[in-house]
Amino acid sequence: PTAVPGLAPRRWWAFVGVLLVGMVVAGWQLRFLCDDAYIAFRYVANAHAGFGLVWNRPPFLPVEGYTSFAWVLLLWATWSWFGVEPPDAANVLSMLCGTGQLLLLAAAARRLRRRDGSPAPWSVAALALAVIVANRTFLQWLTGGLETALFNVACIAWVLLAFDRRDARTGWWIRWSAAAALAAWSRPDGLLLVAITGAVAAIACLRRHRTLPQQFVGLLPLVAVAAHVAWRRSCYGEWLPNTYYAKVVTAWPDAGVRYFACFALEHGVWLWLPFAAIWLGVECRRAGRSLPRLLLDHLPAFAAVGALLFQCSYYVLVVGGDHFEYPVFSQVVPLLVLATA
C-alpha cells in the first residue's frame, strides 16, 4: 500500500497544500537577490542582446563566470518569451523550483515505512514535512536569484529515486539519469551525480542485471551533459566554469570546518550523527556476512549517500565554505529530516 495510514489521499495532499502556502509566504518574506546573481543577469542581458553568453562583448574573449548553464538559459527564455527581465523573474522561478522540492518530499514522506514494510503513521510524515518547511535554510534558498533551488530540486529527485528503486527498468534509469543531467546543467557539483550514475549503471551491466543496449537507452539523458561539457570547452576553453578556478586555489579546511561546525550546531546535526552511527552499527551487525551483498543490492541508495557525503566534505575541506547561509547544505537539510524519520 502507498497511502498514509489514517489519512485519505485527498486530505494528505490538502495538508501538503496548506504547508505549500505557508512555505511560499515564509520564503517570500525572506526573499533577496544575492550579489552573485547579477553575474548571471549580465550574461543573460548580453545573450538577450545577441552577443551570446559572455561577460564582455566582443572583441573580448568569452569567459564562463556563471555557475549554472540551465539557470541562465531559463532566465534568458523567460525574458525572451514573456518579457520579464532576470531581476524580476529570478525569485519567482526559484520559488517554483522550491514548490517542486516540497512536492517531491511530500511524495517521499508519504512512502515512509516501518521495518516490517507497513506504512508509517501519517503523523510521522506530516511532522517531517512541517519540520522541513519551518527550517530557515530551506526557506532562505527558495529565493536569492541563484540556481540553488533549481539544483536542489534535481539533487533531491536524484537521491529520492535512488531510494525508491521499486522497478529498476529502463524508465527508472531514464528518470534517474535525467535528474543527474539536470543537476549537472544546474551546477558543476552535478557532474559528480552523473559520474556516480554511470558507475552504478556499469556495475549493473557487470552483474548482468541489465544489457548494454538497455543501459544505453536508460542513460540517454546524460548525452546532454557530454554535449554541454564539449560546448563549454570549445566556447570558453575550460572544462569547468572560471568561478571554480577562482575559488579553489588550495585546500582551506580551517575555514571549512568552522563553517560546518556552525551548520551542525544550528541545524542539530550534532544530535543526528550519534543516532545515525548507532543505526549503521545495528544494520551492519544485522547484515553480518551478507553486508557486501546488501550494498550491491541497494547500490543506488548507498551511492547517493556517498555522493552527498563527498560533495559536502569537498566543500568543507577544500573550498572552505563561504559567508552565505549554507547554500551547499540546503539540499541536505530536507533529506536529513526524512532520514531521521
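## A buried salt bridge

Arg232 is a buried residue, its relative accessible area being 4%. In this predicted model, the side chain of Arg232 forms a salt bridge with that of Glu64, with an N to O distance of 2.7 Å. The two partners belong to distant parts of the chain, 168 residues apart. Arg232 is in helix H11 (residues 222–236), whereas Glu64 is in the loop between helix H2 (37–48) and helix H3 (69–82). Glu64 is likewise classed as buried, at 3% relative accessibility.

The search of the whole structure returns six salt bridges. One of them joins Glu325 to Arg136, whose closest N and O atoms are 3.2 Å apart. Glu325 is partly exposed, with a relative accessible area of 23%, and Arg136 is partly exposed at 46%.

A further salt bridge brings together the side chains of Asp297 and Arg207, at 3.4 Å from N to O. Because Asp297 lies in helix H15 (residues 291–297) and Arg207 in the loop between helix H9 (190–206) and helix H10 (212–218), the pair ties together parts that are 90 residues apart in sequence. Asp297 is partly exposed, with a relative accessible area of 34%, and Arg207 is partly exposed at 26%.

## Cysteines

No disulfides are found in a search of the whole structure. For Cys97, the nearest cysteine sulfur is that of Cys155, 13 Å away. Cys155 has its closest cysteine sulfur in Cys312, at 8.7 Å, and therefore too far for a bond. Cys97 is buried, with a relative accessible area of 11%, and Cys155 is buried at 1%.

## Packing of H1 against H4

Helix H1 (residues 9–29) packs against helix H4 (residues 86–110) at an angle of about 145 degrees, and the two axes lie 10 Å apart. Their crossing is right-handed. On the H1 side, the contacting residues include Trp12, Trp13, Leu20 and Trp28; on the H4 side, they include Met95, Gly98, Leu102 and Arg110. By class, the residues of this contact comprise 16 nonpolar, four polar and one charged.

Notes:
Residues are numbered from 1 along each chain as its sequence is written. This is a predicted model: local features need pLDDT of at least 70, side-chain atom pairs count only at pLDDT 80 or more; totals for chains, interfaces and linings use all residues. Side-chain values use heavy atoms; hydrogens and water are left out. Axes are lines fitted to C-alpha atoms, for helices over the stretch in contact, and angles run from 0 to 180 degrees between N-to-C directions. Helices (H or I, at least four residues) and strands (E, at least two) are DSSP runs, numbered from the N terminus. A crossing is left-handed if the near helix is turned anticlockwise from the far one by less than a right angle, and right-handed if clockwise. Contact means heavy atoms within 4.5 Å. Ala, Val, Leu, Ile, Met, Phe, Trp, Tyr, Cys and Pro count as nonpolar, Asp, Glu, Lys and Arg as charged, and the others, Gly among them, as polar. A disulfide is a pair of cysteine sulfur atoms within 2.5 Å. Buried means under 20% relative accessible area, exposed over 50%, partly exposed in between (1.4 Å probe, protein chains only). A salt bridge is a side-chain nitrogen of Lys or Arg within 4 Å of a carboxyl oxygen of Asp or Glu.
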